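Here are a few quick notes to go with the structure. Have it open while you read, and take the points one at a time.

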Amino acid sequence: MTKRFETDVIHHGYDSKEHFDSLSTPIYQTSTYTFANAEQGEKRFAGEDNGFIYSRLGNPTVRHLEERIASLENAEAGLAFSSGMAAVSATLIALTKANDHILCSQGLYGCTFGLLELMSEKYNIQSDYSLMESEDILRKQIKDNTSLIYVETPINPTMKIIDLEMVARVAKEFNIPVVVDNTFSSPYLQRPIDLGCDIVLHSATKYIGGHGDVVAGLLVGKEDFISEVAMTTQKDIGGILSPFDAWLLLRGLKTLPIRMDRHSQNAENVVEQLKQHPKIKSVHYPFDHNNPDYEVAKKQMKLGAGVIAFEVEGGKKEAQAFLNRLSFIKLAVSLGDAESIIQHPATMTHAVVPEESRLNMGITDSLIRMSCGLEAWEDIWNDLKQALDQM
Ligand SMILES: *Cc1c(COP(=O)(O)O)cnc(C)c1O
């Protein structure tokens, strides 16, 4: 029986009868597994017996999480990593060879941008950045050696939206895979595979973990792609997830839908207030009616999630003074936690991006990014307001 998302986040793929009736998934804290005899060991290595071998190649707690995230993203298979960047790097290295080309959304997570720069210097894999506004623009930007399209949407931190269905349609004409970093939405709000994309990855550190206590990455896609990554760029580079961290993610996932509803509602309320404050120059949020991408956002996302970007009047000095006056909203670089957290992209998450590219991405010195937490939205707004009123 196919269950609804809210039920699957709690139950998919777990049968307590197989685990001494334990309601909660056990943590298999083991590095290796015993073979009954030499012949069984030989069969496991030959792939003729699917028992476990060694925890870098698979672990029952981690496997359970991988099956659950695959189901939630409507994908064939999943793989868990020690960080979002371990998932990003294993994917990009698996899909490219020297002298290839990657077409990316204009505006990427800072370390993903850094990794692409490194791949360009070391392996001559060049990247172009695009807002992918239309099919024609996209067709012109795809080259003979383009090996994948890499999309973040909503784009971090400017909240621009890319039409995933359109990108997937054009990519099919050229027979190249579309990889989506779905961190900012989580599978509850956006499912790129349903829109025709091929591969989805997450920094599970953010909404999926949801409590600011674990660094992790997740990857889903077709069975053959996932097993190729499992046996190459994951096994041999080694960025695997620990059983305990897998358990934390399984626990976080159970409340994902209710948390995302609250994050989104809080963000919508705070956006409405920010727009009316005289010290605010601009506000960026996917589900803001004035957002030029609002229609596309509505088409592919259930809600707008918790991240808001806004520009305050003035430059870097004014932005920093504003941040220093906040009371309980925490100055920190992450998102998706119970706590509201706020940061200055130009000097923090995107400090590695050269100024020209940074400004092209819309990251000005007065831009602030905030992840709306699960607190009462009135308190979040009151904290922002008292800091803005003093400007
Ligand atoms: C945080 C983040 C990453 C990197 O994930 P880590 O878990 O920190 O390695 C990648 N993409 C996006 C959009 C992120 O927000």
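1. Let's start with the salt bridges: the count between domain 1 and domain 2 is 2. Keep in mind as you look around that this is a predicted model.

2. Next, the polar contacts. Across the interface of the two domains, 17 residue pairs are in polar contact, counting pairs with both residues at pLDDT 80 or more. Helix 8 gives the most, with 4 residues.

3. What sort of residues does domain 1 turn towards domain 2? By class, that side has 19 nonpolar, 15 polar and 5 charged residues.

4. Now step back to the overall layout. Domain 1 covers 5–253 and domain 2 covers 256–389. Their C-alpha centres lie 26 Å apart, and 39 residues of domain 1 are in contact with 41 residues of domain 2.

5. How much area is buried between domain 1 and domain 2? About 3,300 Å², with carbon and sulfur atoms giving 63% of that. On the domain 1 side, Y188, L189 and Y207 lose the most area to domain 2, and together they make up 24% of what that side buries.

Key
Residues numbered from 1 in each chain as written. Predicted model: local features only at pLDDT ≥ 70, side-chain atom pairs only at ≥ 80, totals over all residues. Heavy atoms only, no water. Domains from an automatic or database assignment. Contact = heavy atoms within 4.5 Å. Buried area = accessible area lost by both parts, 1.4 Å probe. Salt bridge = Lys/Arg side-chain N within 4 Å of Asp/Glu carboxyl O. Polar contact = N/O pair within 3.5 Å; in protein donor to acceptor, adjacent residues only side chain to side chain. Helix = DSSP H or I, 4+ residues; strand = E, 2+ residues; numbered from the N terminus. Nonpolar A, V, L, I, M, F, W, Y, C, P; charged D, E, K, R; others polar.
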